[in-house]
Structure formats: C-alpha cells, structure tokens
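Let's take a friendly walk through one protein model, stopping at a few spots along the way. Here it is:

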Amino acid sequence: MSCQENSSHVRVSRFAHLFVNVTAVAAVACALAGIGPLGWAQEIEPGPPPNLASDRHSDTKIAEAIRQVSADHIRQTIEKLVSFNNRSTLSAQDEDSIKAGRGIGAVREWIKAEFERYSKDCGGCLEVKTDAFTEQPAERIPKPTEITNVYAVLKGVDPKQAERIVLVTGHYDSRNAENSNITDPAPGANDDASGTAVSLECARVLSKSRFPATIIFLAVAGEEQGLNGSKHFAQMAKQQGWNLEAVLNDDIVGGDLGPGQDAGVVRVFSEGLPTAATDAEIRRIRMLGGESDSKSRELARYIADVGRSYDTGVKPLLIFRLDRFLRGGDHYSFNQQGFSAVRFTDYREDYNHQHQNVRTENGIEYGDLPKFVDFDYVARVARLNAAALASLATAPAAPASVKMVTKELDNNTTLTWEASVGAAAYEVLWRSTSAPDWEYVQTIGTGTRATLKVSKDNVIFAVRAVDAAGHRSLPVVPEPER
Ligand SMILES: [Zn+2]
C-alpha cells in the first residue's frame, strides 16, 4: 500500500493528530517516514484542524430543485386557504358544507385534492392519505370532534433506505379571538396558511425528483385546540415504529410585514433537554454536559449547515429553546414521542396579526390577513425546508451505536460506530463545549473507528456518514462506553 493510494489516508497523515483503524496502517507508516504522501511535513502534535465545519457543500440537483419554489404559487395557496373564511377545527365538515366550500371539512378536501394534483403531475408518485380520529371534549373542544390530518408520502426509491422518513408539517386550522367563533373571519394567512403552503410547496417541488429515503408532507388540524392533530399523528408514528428521523414544523413563516421584521432570517427553535428523556437519561446528560445536544438540536444545526450550503435567501437563526414564551407548536407533539423536531417561525411576530378578530381600531388594523404576508419570504423559507428535506432524504443513514471509549484516563479520544447504509466515508465533528455549532470536521475514510489527539474532556464530538457524492447524514453524539 503506497501513501498515495487513498485520499483519506492523505488527509489523515497530513494531520497526524488523527489515526484511523484500517487507514491507520498506511497513515502511520507515512507519518513515521516523516514525509506525508504529498510531501507535507508531518505534525506529531495536534496541528490545525483539517476543515471548518462551516464549509459549504451543496448538490446541484438539490439547488436546482429548490429554484422551482414559486412565491406566486405560495401566494395562491395562502389566498385559497384564507378564502374558506374560518378554518376552525370546530367548524363544519358535513357533506353540504364541504360542497358549499365552507368549514374545515372543505379545507381538508381542498388540501387532499391539491396533493393529488401534484401526484398526477409526477405519474402518481405521491400516496395521499388521511389520519382521522374523534377527539373527545376538552378545554377548547366542546363536543366530540373529528380531526383529520392530510398527508402525502413520497416513497424512497432505495429499498434499503425507504424506511427512513423525514417530514415537513404546517397546521391548516385557524382561529380568531374566540376559540368558539366558527363564523366570523379567521383568515390565518400567516398562522398557519404560510406553514401549510410551505408543506404543499415542498411536495409540489420535491415530487419532481426521487430520493433514496421517504419524505412526508403533512398538514394537521386541531393545533389551536391543543396540538391535537399532530399529537395523534406523532403517536401513530411511534406506535407503528416509524423510523422518523426529522420533523420540520413551519408555523408562522409568513414574514409579517410589520415593523422590526428581518426578511433575511427565520428562527429555528429546538428543544435542549429532550422532552421524552427518562430520569436516567437526564442524569447522563447532566454528567456529560449534553444539555445542548438533543437530537432536535442536531437537526437544527443540520438546518444551519443547509442554510450555509444553499442559496435560499433566508438565514436560519438557531434559537436554543423549545418555543416562544406563552406559545407552543406541533413540533412539541413529535418531541413528546422522542422524535427530532424543530419549529420555523418569522424573525419577528406582530401580535395584532395573530388570533385577532379582523377590525380597525384607532387606525390600527387587526387580523391575520394576506396583505401582511411577504410571499417572497415564505418562498425563501420553503426553499430552506426543501433543501433540508432533500439533503436528509439523499444522505446515508446516520451512523448507529456511536460510542466513545472511556476505559481509562486518556487525553486522546477514540470513537467507534456501526457502518451506515449508503456511506462512502465518515466524518468526525467537534466543537468547544461552549461553542453553539460544530467547529471542525475530520474525514475518516470507510473505517468505523477513529482516534483523535483531541481531549474528550474539552470538546463535544459527533460522527456523521457521508455518501460518495458528499451528502451528509445527521450527526450523532457518542455515548461513553467503558
Ligand atoms: Zn400556529
């Protein structure tokens, strides 16, 4: 084996602070010779990290797909949803009302028809489904009420990867100032026709391509009554053992045109301590300093990486918090079931335009009207969502059983993991314990074990899988193993 045989050896031996099992033989041999494979001098002590984790890596096919997102089409979707007047989950859903285009039943049927229309355009590539159930009376549900989630499945084309699922969702129900008011306007243009439009637009655009893993485009109801639709859906996913890797919840992504808005930024909320963590898991998180490394937080960092890699026009601003004060959202339903889920929301909200009766008082306009929505902004957020979904659905599965060897006191760090389907290489990421996002990345060839001359006491590590074209999986933080 010569020093030139494998490019990963080259990188390894250039930065001699890293050794890899299989590649290590060649790499160490080259290092011992004192001259690197391409003539670089070897560094015995930890040298500068080989790559910054913030480097861009994009795929031209994904870049092309997200260019198809249309602000005009999004505007049409939002205006159509608003045209139903009031989309309260408590509103009518009998046959006559549906025929007359009134009430939540008519909205649900329109969304279904829209998904079916996209499916027709892609040769039937989408499976359009509903998840309907009867919710029993609760604080904001006066009588037994049928709630229907509508979704479209773009099945993965790789039999080995199709079980992996990524999902985008928005809630199609709306409300005005009164929970029980099902007749006066509740336009909900921003909250959350905008998020529903993102889910639909991702379906329209991404259904023109095929991906190894499965993508689900979801629109839920009952959000305003207590996240009822998403709760039922997430429980179904859990009970049926879905391999649901990521949930993107878009709720209030209309880029409200009020003062203080930043149309170049979208907030991405993610939980720190996992909602579903057991007491034992919380104890371990405390011991390891893992408070900022929930699976949802890694998903948020992944989205930040996608935001750097593609020209979406909007920058994800990671908020290390489950949600805003006094508010909740459908991502929480998925977090409760142990799934990774984040929330996208405008940089700045205008509360005069949320859950308000439409009116003008003292010259101030109240109500969640389409005229306050920035359709170009929604399109940017849709591009970011679509790029994240496409990246995740194209990438290999994240490595499983990622462990950090802690058998003895050691200033180096050894990581092990299981091979991922579709992986051509692995990367170890790390960051200072006080840094918000990954700082450094080291490529590790095809091996499933690496030793780095970086102390595990001082940084947080993760491992991700990379395919031959450079698509990255979600990173996985190792569990200590004695
Ligand atoms: Zn909402």
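A disulfide is a pair of cysteine sulfur atoms within 2.5 Å. By this rule the model has one disulfide, formed by Cys122 and Cys125 with their sulfur atoms 2.0 Å apart. The torsion about the S-S bond of Cys122 and Cys125 is about -90°, so the disulfide is left-handed.

Before going further, a word on the ground rules. This is a predicted model, in which local features need pLDDT of at least 70 and side-chain atom pairs count only at pLDDT 80 or more, while totals for chains, interfaces and linings use all residues. Residues are numbered from 1 along each chain as its sequence is written, and side-chain values use heavy atoms, with hydrogens and water left out.

Next come two helices. Helices (H or I, at least four residues) and strands (E, at least two) are DSSP runs, numbered from the N terminus. Axes are lines fitted to C-alpha atoms, for helices over the stretch in contact, and angles run from 0 to 180 degrees between N-to-C directions. The axes of helix H4 (residues 71-82) and helix H13 (residues 375-394) come within 8 Å and cross at roughly 105°. That makes H4 roughly perpendicular to H13, a label for angles of 65 to 115 degrees. The table shows who takes part in the contact (heavy atoms within 4.5 Å).

| Helix | Residues in the contact |
|---|---|
| H4 | Ala71, Ile74, Arg75 and Ile78 |
| H13 | Phe375, Asp376, Val378, Ala379 and Ala382 |

By class, the contact of H4 with H13 has seven nonpolar, no polar and two charged residues. Here Ala, Val, Leu, Ile, Met, Phe, Trp, Tyr, Cys and Pro count as nonpolar, Asp, Glu, Lys and Arg as charged, and the others, Gly among them, as polar.

Two backbone details are worth a look. The peptide bond from Asp191 to Asp192 is cis, with omega near 0°, and Asp192 sits in helix H7 (residues 189-206). His355, a residue other than glycine, has a positive phi near 50°; His355 lies in the loop between strand S10 (341-346) and strand S11 (359-361).

Conventions: Angles under 35 degrees count as roughly parallel, over 145 as roughly antiparallel, 65 to 115 as roughly perpendicular and the rest as oblique.
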